[in-house]
Every structure is written in C-alpha cells, then in structure tokens.
Amino acid sequence: METTARHTPTPSPFALLLVRWVALAAAFAFTAWVLNGVDIAGGFWAYVWVALLFGIVNAVVGTILRILTLPFNLITLGLVSLLITAVLLSITDALTTHLTIDDFFWTTIWAAIILAVVAVVVEMILQLIFWREPVVAA
C-alpha cells in the first residue's frame, strides 16, 4: 500500500490563535443574530473586541472556575461547564458596553449553548483545513 500525503506546512500557533479569534467573533455574530436577548453594538470591531475580551476572561477566570468545579463537572457529565460559560458571558457583558445580554439565566444559557456548538463546528473545520491525514492510495 502506498501513501501519498499533501505536504502542507504546519501553521504557526500565532496564526491558529488569530484564526480561532476571528472564528469566535463570527460565533458571537451568529449568536447575536439568532438570539433576541443578545446584542453586540459597534460593528465588526465590536465583535472582535468582545471575542478578545471573552477569550481573556475564559482563559483566566474560566480556568480557575473549571478547576474549582471539576468534581461537580464530573458528576453532572459536563453540565456545569455550560453554567460556567454562562457566568463567563455575564462577566464579559459586565466588562464591556458593546455586549448586552438581557436576561442572565435563559438568554445566557442559550448563548453558551450556541457558542459551544459553533466552537465545536469551527474546530472541526480547522482540523480539516490544517491537520489533514495522509491520503492512502491502493
């Protein structure tokens, strides 16, 4: 069996970070478009700013919250992660005037669900684009 691989250069971590940042901004745009209670005011740069701010809040506060709630997360099979993401969205809402979330509980929970689904889809697309497996030829 002969293998032929498309030899694509491995992208730099900085390039992947930028792609994921833009993808998160697009996820916020989709979430604001789908949900009536989520509004992002200020155009394209507001989406980029909210995505950056949410990424920082997620990296700092989200990591601490996930470590502290790990036993509960294991017991509930990951449902606590949804609540953590909702809390992180509320923190981001409090930090910027560009993001407005009407109701904490249901609107924020639905926004967290939509962001999680879009993040999984974008991650799958990125893996298809950047980390292709070799093509096996018979």
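In the predicted model, the largest pocket has a lining of 18 residues, and those nearest its centre are R20, L24, F54, G55 and N58. The volume of this pocket is about 370 Å³. Two or more lining residues come from each of helix 1 (13–34), helix 2 and helix 5 (105–130). Helix 1 makes the greatest contribution to the lining of the largest pocket, with seven residues. Classified by residue type, the lining of the largest pocket comprises 13 nonpolar, three polar and two charged residues.

The packing of helix 1 against helix 2 was examined next. Two packed helices are described by the distance between their axes and the angle between those axes. The axes of helix 1 and helix 2 approach to within 8 Å, with a crossing angle of roughly 110°. As angles of 65 to 115 degrees count as roughly perpendicular, helix 1 and helix 2 are therefore roughly perpendicular to each other. Their crossing is right-handed. On the helix 1 side, the contact involves W21, L24, A25, F28 and A29, which meet Y47, V48, V50, A51, L52, F54 and G55 of helix 2. The residues of this contact are eleven nonpolar and one polar, with no charged residue. L24 of helix 1 and both F54 and G55 of helix 2 take part in this contact, and these three residues are also among those nearest the centre of the largest pocket.

Helix 2 (residues 44–68) also packs against helix 4 (residues 79–95), where the two axes come within 9 Å and cross at roughly 135°. This angle makes helix 2 oblique to helix 4. The crossing of helix 2 with helix 4 is right-handed. Helix 2 contributes V50, L53, F54, V57, N58, V61, G62, L65 and R66 to the contact, and helix 4 contributes I84, T85, V87, L88, L89, I91, T92 and L95. By class, the residues of the contact between helix 2 and helix 4 are twelve nonpolar, four polar and one charged. V50 and F54 of helix 2 belong to this contact with helix 4 and also to the contact with helix 1. N58 of helix 2, in contact with helix 4, is one of the residues nearest the centre of the largest pocket.

The structure holds one cavity of 30 Å³ or more, and the volume of the largest cavity is about 40 Å³. The largest cavity is lined by F28, T31, V38, L89, L99, I101, A111 and L115. Helix 1, strand 3 (99–101) and helix 5 are the elements that each supply two or more residues to this lining. Seven of the residues lining the largest cavity are nonpolar and one is polar, and none is charged. Among the lining residues of the cavity are F28 and L89; F28 also lies in the contact of helix 1 with helix 2, and L89 in the contact of helix 2 with helix 4.

Note on methods
Residues are numbered from 1 along each chain as its sequence is written. This is a predicted model: local features need pLDDT of at least 70, side-chain atom pairs count only at pLDDT 80 or more; totals for chains, interfaces and linings use all residues. Side-chain values use heavy atoms; hydrogens and water are left out. Axes are lines fitted to C-alpha atoms, for helices over the stretch in contact, and angles run from 0 to 180 degrees between N-to-C directions. Helices (H or I, at least four residues) and strands (E, at least two) are DSSP runs, numbered from the N terminus. Angles under 35 degrees count as roughly parallel, over 145 as roughly antiparallel, 65 to 115 as roughly perpendicular and the rest as oblique. A crossing is left-handed if the near helix is turned anticlockwise from the far one by less than a right angle, and right-handed if clockwise. Contact means heavy atoms within 4.5 Å. Ala, Val, Leu, Ile, Met, Phe, Trp, Tyr, Cys and Pro count as nonpolar, Asp, Glu, Lys and Arg as charged, and the others, Gly among them, as polar. On a 1 Å grid over the protein atoms alone, a cavity is a set of points where a 1.4 Å probe fits but cannot get out, and a pocket is an open set with protein on both sides within 12 Å along at least five of seven lines; lining residues have an atom within 4 Å of a point. Grid points are joined across faces, edges and corners, and a volume is the space filled by probe spheres set on the points.
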